[in-house]
Amino acid sequence: MARSKEQARETRHRRVRKNVSGTPAKPRLTVFKSLRHIYAQLIDDVSGKTLAAASTMDKEVGTGIKHGGNVEAAKKVGASIAQKALGKNIKNVVFDRSGYKYHGCVKALADAAREKGLDF
């Protein structure tokens with residue numbers, strides 16, 4: 001039986017997560033995208049807590065966006081998560097693209113976060 005795209009992505013994500021882990025000093029910046037929205041979280045895997053989160057569903061990010069699943073929306077989410085991270089004195093992160101290709105929305109989010117001051 002053939003696997004769907006989503007099942008293949010989840011398999012890639014699990015394979016990468018064996019080696020990628022976030023710490024309190026260097027949390028994991030993870031990305032999830034759907035057709036309508038894009039989400040980013042800073043996660044401390046040692047304690048299992050989310051340190052900061054941003055998405056196109058947030059009021060400050062979602063205003064002025066026609067559609068939450070495009071590159072422009074991803075840039076705003078990347079800038080927002082970087083701003084929240086720097087507000088908590090987090091500069092270095094580990095990037096987890098969650099099995100998605102580093103292209104389009106994922107690349108735009110990462111580039112915007114780097115422009116605002118995050119190192120990864």
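**Notes on the predicted model**

1. Ser55 belongs to strand β3, which covers residues 49-55. The model is a predicted one, and that applies to every point below. Ser55 counts as buried because its relative accessible area is 7%, under the 20% limit for that class.

2. What does the side chain of Ser55 reach? At 3.1 Å it meets the backbone nitrogen of Met57. With neighbours within four places in sequence left aside, Ser55 is in contact with Ile38, Tyr39, Val61 and Val77.

3. Strand β1 (residues 28-33) pairs with strand β2 (residues 38-44) in the antiparallel sense, and 6 bridges join them. The two strands make a hairpin, with 4 residues between them. β1 also runs parallel to strand β4 (residues 94-96), to which 3 bridges join it.

4. Arg28 has a bridge partner in each of two strands. In β2 the partner is Ile43; in β4 it is Val94.

5. How many aromatic pairs does the structure hold? There are 3. One of them is formed by Phe32 and Tyr39, with 5.9 Å from centre to centre and 35 degrees between the planes, a tilted arrangement. Phe32 is partly exposed, at a relative accessible area of 39%, and Tyr39 is also partly exposed, at 26%.

6. Phe95 and Tyr102 are edge-to-face because their planes stand at 85 degrees, and the class takes angles over 60. The centres of these two rings are 6.3 Å apart. Is Phe95 buried or exposed? Phe95 is buried, with a relative accessible area of 19%, a value that falls under the 20% limit. Tyr102, at 35% relative accessibility, is partly exposed.

7. Phe95 and Tyr102 form one aromatic cluster together with Phe120. Phe120 sits in the segment after α4 (105-115). Its relative accessibility of 27% makes Phe120 partly exposed, since that class lies between the limits of 20% and 50%.

8. Which residues does Phe120 touch, not counting those up to four places away in sequence? They are Leu29, Val93, Phe95, Ala110, Ala113 and Arg114. Phe120 and Lys91 are 29 residues apart along the chain, and their C-alpha atoms are separated by 8.9 Å.

9. The largest pocket has a volume of about 330 Å³. Its lining consists of Lys5, Glu6, Ala8, Arg9, Arg12, Lys33, Tyr100, Lys101, His103 and Val106. Which element gives the largest share of that lining? Helix α1 (residues 5-17) does, with 5 residues.

10. Glu6, one of the lining residues, has its place in helix α1. Glu6 is partly exposed, at 37% relative accessibility. From Glu6 to Arg36 the separation is 30 residues in sequence and 16 Å in space, taken C-alpha to C-alpha.

Notes: Residues are numbered from 1 along each chain as its sequence is written. This is a predicted model: local features need pLDDT of at least 70, side-chain atom pairs count only at pLDDT 80 or more; totals for chains, interfaces and linings use all residues. Side-chain values use heavy atoms; hydrogens and water are left out. Two strands pair if DSSP finds at least two bridges between them. Buried means under 20% relative accessible area, exposed over 50%, partly exposed in between (1.4 Å probe, protein chains only). A polar contact is a pair of N or O atoms within 3.5 Å; within protein, one must be able to donate a hydrogen and the other to accept it, and residues adjacent in sequence count only if both atoms are side-chain atoms. Contact means heavy atoms within 4.5 Å. Rings of Phe, Tyr and Trp (its six-membered ring) pair if their centres lie within 6.5 Å; planes under 30 degrees apart count as stacked, over 60 as edge-to-face and the rest as tilted. On a 1 Å grid over the protein atoms alone, a cavity is a set of points where a 1.4 Å probe fits but cannot get out, and a pocket is an open set with protein on both sides within 12 Å along at least five of seven lines; lining residues have an atom within 4 Å of a point. Grid points are joined across faces, edges and corners, and a volume is the space filled by probe spheres set on the points.
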